[in-house]
Amino acid sequence: MTELVREVSENDQLRADIYQLLAALIRRQPSQELLDFLAQLDVEADEDNDMTRAWLAVKLAAAQFNAEQLEDEYFAVFLGVGRGEVLPYGSWFMTGSLMDKPLALLRNDLKQLGFEREDDVKEPEDHVAALCEVMATLILEMPSYRQLAFYQRHLGSWIARFCDTLAAAPSAAFYATVAQLAKAFFVLEAAEFEQLSLDIPVNCPGNSDMEEAKEEEIKVN
């Protein structure tokens, strides 16, 4: 069945943009162009809240580091010799191991949603950057119940722990501010989806999809 493209509000566009930014920062070390962009952000500093403080921290850090420095930091935090200080995979945070059942369930859901893995992508689909990219697409292109279901099943239960782990990584300096931004953002997302779950009617067409996905999860288990 073909989905109708939903009208995108200013708030949803901003949410999608933040997901894309987080994806870009976690996928690979930021380019100098991205750092320059972040260093010049227009942040309303008079608003005293976690999100504003996080944006200010990222802005300050982006002005203090260059791309070459962050290449080393990114390697230590996410890659390392053998493994990095942080494993940015949903399966790891949900089960303590990689390539586990949550990844199989995710692949099934992505297939149902029409996402296809690109041939040149080597990382598993449960990489935090990939999940953020999917969320951005769902917000911009699909009904709200799709993003709600995906977030609840593949991000909501563990993403805060990922942010805390990244913030505490020994080599994280710039990436500690990225963790701060992500943590503040996902607190807002949790509230967003809590309200959305209350607004979605019981007979929403997405509910049957969720039940089918649960049946697939039982088969995987």
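A residue is called buried when its relative accessible area is under 20%. The model examined here is a predicted one.

**Exercise 1. Identify which residues of α6 are buried, and determine where they lie around the axis.**

Solution. Step 1: apply the cut-off to helix α6. The residues that count as buried are P102, L103, L105, L106, D109, L110 and L113. Step 2: consider their directions from the axis. These residues cover an arc of only 160 degrees, which places them on the same side of α6. Step 3: check the length of the helix. Helix α6 comprises residues 101–113, and at 1.5 Å a residue its 13 residues should span 18 Å. The end C-alpha atoms are 19 Å apart, which agrees with that expectation. Step 4: look just beyond the helix. Just after α6, G114 adopts a positive phi of about 95 degrees.

**Exercise 2. Describe the overall make-up of the protein chain.**

Solution. Step 1: count the elements. The protein chain has 11 helices and zero strands. Step 2: consider burial. Of the 221 residues of the protein chain, 44% count as buried. Step 3: consider contacts along the sequence. Among contacts between residues at least 6 apart in sequence, 72% join residues at least 24 apart.

**Exercise 3. Determine how many residues of α7 are buried, and what this implies for the helix.**

Solution. Step 1: list the buried residues. They are V128, A129, A130, L131, C132, V134, M135, A136, L138 and I139. Step 2: compare with the length of the helix. The count is 10 of the 14 residues of α7, so this helix is largely enclosed by the rest of the structure. Step 3: check the span.

**Exercise 4. Classify the aromatic pair of Y19 and F185, and then that of F93 and W158.**

Solution. Step 1: begin with the total. The structure holds 11 aromatic pairs. Step 2: take Y19 and F185. Their rings are 4.9 Å apart, centre to centre, with 80 degrees between the planes, and the pair is edge-to-face. This pair links distant parts of the chain, since Y19 is in helix α1 (residues 10–27) and F185 is in helix α10 (residues 174–199), 166 residues apart. Y19 is buried at a relative accessible area of 0%, and F185 is buried at 3%. Step 3: take F93 and W158. Their ring centres are 5.7 Å apart and their planes are at 15 degrees, so this pair is stacked. F93 lies in helix α5 (residues 90–95), whereas W158 lies in the loop between α8 (144–154) and α9 (159–167), so the pair ties together parts 65 residues apart in sequence. Both F93 and W158 are buried.

**Exercise 5. Locate L38 and F174 among their contacts.**

Solution. Step 2: list its contacts. Leaving out residues up to four places away in sequence, L38 touches L21, L25, V58, K59, A62 and F174. L38 and A62 are 24 residues apart in sequence, and their C-alpha atoms are 6.0 Å apart. Step 3: turn to F174. Beyond its neighbours within four places in sequence, its contacts include L25, L38, A62 and F65. F174 also belongs to an aromatic cluster with F65, Y74, F78 and Y175. Step 4: consider the largest nonpolar core. It has 61 residues, of which Y19, F162, F174 and F186 touch the most other members. The largest share of this core, 11 residues, comes from α10.

Definitions and conventions. Residues are numbered from 1 along each chain as its sequence is written. This is a predicted model: local features need pLDDT of at least 70, side-chain atom pairs count only at pLDDT 80 or more; totals for chains, interfaces and linings use all residues. Side-chain values use heavy atoms; hydrogens and water are left out. Rings of Phe, Tyr and Trp (its six-membered ring) pair if their centres lie within 6.5 Å; planes under 30 degrees apart count as stacked, over 60 as edge-to-face and the rest as tilted. Helices (H or I, at least four residues) and strands (E, at least two) are DSSP runs, numbered from the N terminus. Buried means under 20% relative accessible area, exposed over 50%, partly exposed in between (1.4 Å probe, protein chains only). A nonpolar core is a set of buried Ala, Val, Leu, Ile, Met, Phe, Trp, Tyr and Cys residues joined through side-chain atoms within 4.5 Å. Contact means heavy atoms within 4.5 Å. The expected span of a helix is 1.5 Å times one less than its number of residues. The arc is that of the directions from the helix axis to the C-beta atoms.
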